[in-house]
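Please examine the sequence and the model shown here before reading the report.

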Amino acid sequence: MGAGDAPNVEKVEESAGTGELAADAAGPETGTSTERLEAGASEAGAGQAPAREAEASEADSGEAGAGRAKQRRGVLRVVTSPLLRRCVAVVVIALLGGWLGLFLGGNANVQIGPVRTRMVVQPSFSGQTVVSVPPLGALEMKTNTGPFRLSVDVRQLNEQDVKALVASPNRFQDLPNIAATDLRHGVIVVAVHSLIAVTVGGLLLGLLAFRRILPALAAAGIALAVLAAGGAVAVATWNPKSVLEPRYTGLLAGAPSLVGTAQNIVIRFGLYRQELATLVTNITRLYDVTSTLPAYQPDPGTIRVLNVSDIHDNPAAWNVMHSLVKQFDIDFIIDSGDLTDHGSQPENAFAKEISTFGVPYVFVKGNHDSIATQAAVARQRNAITLTGQEVTVDGLRIIGNGDPRFTPNQSVEESGEDAVYQMGQGLAGAVQQETQPPDIAVVHDPVAALPLNGLVKLVLAGHLHRRVTWMLSDSTRVFVQGSTGGAGLRALQSNPPTPLDASVLYFDRGSHQLQAWDDITIGGLGSTNAQIQRHLASDTAPLDGPVPALSPFTTPSPGCVTPSSSASATPCASPSAPATPSGASPPASRSP
């Protein structure tokens, strides 16, 4: 066993020796790797310093970003918090509800003196007061700087109140105070309505939006507070002088030229009150002075016609006319036009007074009357509106037509006197078609009388606002009536004031010829005089002033003939003014 183990020992030693030789052979390479590991470790240690610094910097930046993010999250939490959202929602609902409530309920119907108005409060950045008189236009006054605008719409003139004012001078004297009181009351009413409306609007919209009472009450309170604050701003910035400097729009743009400045109106208005206070007394005295009139005594069969013109919305004219109809036993009335100033719908209600006369009322429209005005007159039970046809009233045959123009404001230029002249030519042609000429022709502008020269014995007109009578070359009498309404508002500006004119014409019932006439003149506004002057039809000289220069600014139509020619032809008339009779004043220019 011992001899057999020797080779194995030798093999083990030999293997060990071989391992040592292999280790010696690999020794240099092993040493080099170690050195490299040590060097790498050294280099890694050297590179860790900047890395640590970068990590520290990144850590600081991360902390700052985290802080900012935290702040943003905090702000976002505040902005998106349910409480703030609810508050913003309540404010928005309050503003919307208040605006809706103000739009629906911030108004009131207010009576200011005899005028019915509608006052409306509206949000406005500029802030002003606008008085609208449809369809004439509006007056805009810079009364405050915001945030609300007060609109006053004139709806209707109460005729009963106007009559009561005219019939009671004491009430009319107190009209400025009454109007001021009514206006103050109206502003208070519309303010209360607005406060209630915005509160209810905020409350109702709040209930619809939140379905809870507390947010709805908060919305109502905010709406009320906003309106109250806006009202306080409007009151604090109120400018009373703005009333003296209004801006006119629409047809009212010509108001200053028509009725003068506000200061002059106030001054003239005092005269107006004095006139109305004495008007009824003057009228009752008219008939007492007839004993001094020229020697003409109308018999019971005489036809008495009251001729009026250019009433221009003056309710005092109705009082004058009613007194004359009663005192002179008038058979019917002829009105030569310009019942209104602008022919508007509110003014057209003025025509209802015509039905209070118990006699026929013959009417032609003037250049200030609209077609709607003409229709309003025609609706009255006793009215006869002439539009080119011939009618018979109490035995007298009458033909006439209205002014073809509609010029409610002097600044508005429409067709001129040539259209009026052509309308007169049309009437002349109609007269020539008749077997018997009419007794009276009625027009508004006396220019239309020129083509009727020699065809009709008497032409009644108006338009000039002054009474004048003269004979044309072929024995046609042109009778221009003054203003029975004292030219309406124009009387407040004219100096001296325009008188109230009317005439009573006496016709023989058998021959239908004019026998005489009485000119009734009531002193202008502020005057207390009244007079009657009688004229006989035999007087052919011009009366009551110079003859107006009538010029149609046109030439006769081609193929026209003289009145003595064929009845079917178009009549001719000289476009120039009629020759002034001997001894008369030279022609005067025509007033607008």
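The report below covers overall composition, the nonpolar cores, a surface patch, strand pairing and salt bridges.

**Overall composition**

The model is predicted. The protein has 592 residues, and buried residues make up 43% of them. Its secondary structure comprises 12 helices and 19 strands. Of the contacts between residues at least 6 apart in sequence, 67% join residues at least 24 apart. The accessible surface amounts to about 29,100 Å², and carbon and sulfur atoms account for 60% of it.

**Nonpolar cores**

The largest nonpolar core holds 31 residues, among which Leu306, Trp318, Met321, Ile333, Leu339 and Tyr361 touch the most other members. Two or more residues each come from strand E7 (303-308), helix H9 (316-327), strand E9 (361-363), helix H11 (371-378), strand E17 (500-507) and strand E18 (514-522). Helix H9 gives the most to this core, with six residues. Leucine 339 illustrates the packing: with residues up to four places away in sequence left out, the residues that leucine 339 touches include Trp318, Phe350, Ile354, Phe363 and Val377, as well as His312, Asp313 and Asp369. A second, separate core comprises 26 residues, including Val420, Val447, Leu455 and Leu472.

The elements that give two or more residues to the patch are helix H5 (175-210) and helix H6 (213-236). Helix H5 gives the most, with six residues. Valine 200 lies in helix H5 and has a relative accessible area of 40%, so this residue is partly exposed.

**Strand E14 and its partners**

In a regular strand the side chains alternate between the two faces of the sheet. Strand E14 (residues 458-461) is covered on both faces: Leu458 and Leu460 are buried on one side, and Val459 and Ala461 are buried on the other. Strand E13 (residues 440-442) runs parallel to E14 and is joined to E14 by two bridges. Strand E16 (residues 477-480) also pairs with E14 in the parallel sense, over four bridges. Valine 459 of E14 stands opposite alanine 441, and the bridge partner of valine 459 in E16 is valine 478.

**Salt bridges**

Side chains of opposite charge can pair when their charged atoms come close. Eight salt bridges are found in the whole structure.

| Aspartate 394 | Arginine 509 | 3.2 Å |

Aspartate 394 is partly exposed at 32% relative accessible area, and arginine 509 is partly exposed at 37%.

Aspartate 519 in strand E18 and arginine 467 in the loop between E14 and strand E15 (468-471) are 52 residues apart. Both aspartate 519 and arginine 467 are buried.

Aspartate 518, in strand E18, is 16 residues apart from arginine 534, in strand E19 (residues 530-536). Aspartate 518 counts as buried because its relative accessibility is 0%, and arginine 534 is likewise buried at 11%.

Terms used. Residues are numbered from 1 along each chain as its sequence is written. This is a predicted model: local features need pLDDT of at least 70, side-chain atom pairs count only at pLDDT 80 or more; totals for chains, interfaces and linings use all residues. Side-chain values use heavy atoms; hydrogens and water are left out. Buried means under 20% relative accessible area, exposed over 50%, partly exposed in between (1.4 Å probe, protein chains only). Two strands pair if DSSP finds at least two bridges between them. A nonpolar core is a set of buried Ala, Val, Leu, Ile, Met, Phe, Trp, Tyr and Cys residues joined through side-chain atoms within 4.5 Å. Contact means heavy atoms within 4.5 Å. Accessible areas come from the Shrake-Rupley method with a 1.4 Å probe; for residues, only the protein chains shown count as cover. A salt bridge is a side-chain nitrogen of Lys or Arg within 4 Å of a carboxyl oxygen of Asp or Glu.
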